[in-house]
Amino acid sequence: MREFIETFLYSFQLGANAERVSNSKELFHSMLDVVYTSIEDQRSEIGGHSAVWALRAQFEGCKVFTAAQRTKVIEEQLEVKPDMLIWPNKKDAYSEKSDLHMVFEYGEGDTILNGKYTAPRSNRFYFVHDPN
């Protein structure tokens, strides 16, 4: 946790984009629980280029073939049209876990810790746990 906080504060005060990978599944998921239960201005979104392209292509009426991770949550958030989004694997081959990333977004002039740190420009801090 200390390394996460130090890395975030360092990046925040520089307004620098950064990513921190957690080797601890427990730390990542405990922070995720805090975000879901304690932060009002948070939202879940499908991310990544493949998901964005899949959504746009479906919107344009194209059939999409994807090798992206398949989970029930992704299917729900992508509003999958069964004849328009096709995975190359079996229809029942779902992954039980989603590849989650936390993105802490801040604006120029935002402050934290009672004004001790101020962001000189807008940016994002990514926090991930990827055991692969």
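Me: Which residues are buried in α1?

Reply: Please bear in mind that this is a predicted model. A residue counts as buried when its relative accessible area is under 20%. In α1, this applies to Phe4, Phe8, Leu9, Ser11 and Phe12. The elements covering these buried residues include β1, α2, β4, β5 (111-112), β6 (117-118) and β7.

Me: How many residues does α1 have, and what follows the helix?

Reply: Helix α1 has 13 residues. From first C-alpha to last it reaches 19 Å, close to the 18 Å expected at 1.5 Å a residue. After α1 comes glycine 15, whose phi is positive, near 70°.

Me: In what order do the strands of the sheet lie?

Reply: Strands of a sheet pair through backbone hydrogen bonds, and the pairing may be parallel or antiparallel. Here 3 strands form an open sheet, in the order β1-β7-β4, with mixed pairing. β1 (18-21) and β4 (101-106) are the edge strands, each pairing on one side only. On average, neighbouring strands of this sheet are turned by 15° against each other, direction ignored.

Me: How many bridges join β1 to β7, and do these strands run parallel or antiparallel?

Reply: β1 and β7 (residues 123-128) run parallel and are joined by 4 bridges.

Me: Which residues of α2 are buried, and which are exposed on the face turned away from them?

Reply: To read a helix in this way, one looks at where its buried residues lie around the axis. In α2, Phe28, Met31, Leu32 and Val35 are buried. They cover an arc of only 105° around the axis, which puts them on the same side of α2. The face turned away from this buried side carries the exposed residues Glu26, Thr37 and Ser38. Among the elements covering the buried residues of α2 are α1, β4 and β7. The helix has 14 residues and reaches 20 Å from its first C-alpha to its last, close to the 20 Å expected at 1.5 Å a residue.

Me: How many aromatic pairs does the structure hold, and why is that of phenylalanine 8 and tyrosine 106 edge-to-face?

Reply: The structure holds 11 aromatic pairs. Planes over 60 degrees apart count as edge-to-face. The ring planes of phenylalanine 8 and tyrosine 106 stand at 85°, with centres 6.4 Å apart, so this pair is edge-to-face. Phenylalanine 8 belongs to helix α1 and tyrosine 106 to strand β4, so the pair ties together parts that are 98 residues apart in sequence. Phenylalanine 8 is buried, at a relative accessible area of 16%, and tyrosine 106 is buried as well, at 7%.

Me: What kind of pair do phenylalanine 104 and phenylalanine 125 form?

Reply: Their pair is tilted, with 6.5 Å centre to centre and 50° between the planes. Phenylalanine 104 lies in strand β4 and phenylalanine 125 in strand β7, so parts 21 residues apart in sequence are tied together. Phenylalanine 125 is buried, its relative accessible area being 0%.

Me: Which residues form one aromatic cluster?

Reply: The cluster is formed by Phe4, Phe8, Phe12, Phe28, Phe104, Tyr106, Phe125 and Phe127.

Methods:
Residues numbered from 1 in each chain as written. Predicted model: local features only at pLDDT ≥ 70, side-chain atom pairs only at ≥ 80, totals over all residues. Heavy atoms only, no water. Pairing = 2+ DSSP bridges. Helix = DSSP H or I, 4+ residues; strand = E, 2+ residues; numbered from the N terminus. Axes fitted to C-alpha atoms, helices over the stretch in contact; angles between N-to-C directions. Phe/Tyr/Trp six-rings, centres within 6.5 Å; stacked < 30°, edge-to-face > 60°. Buried < 20%, exposed > 50% of the residue type's maximum accessible area, 1.4 Å probe, protein only. Expected span 1.5 Å × (residues − 1). Arc of directions from axis to C-beta. Contact = heavy atoms within 4.5 Å.
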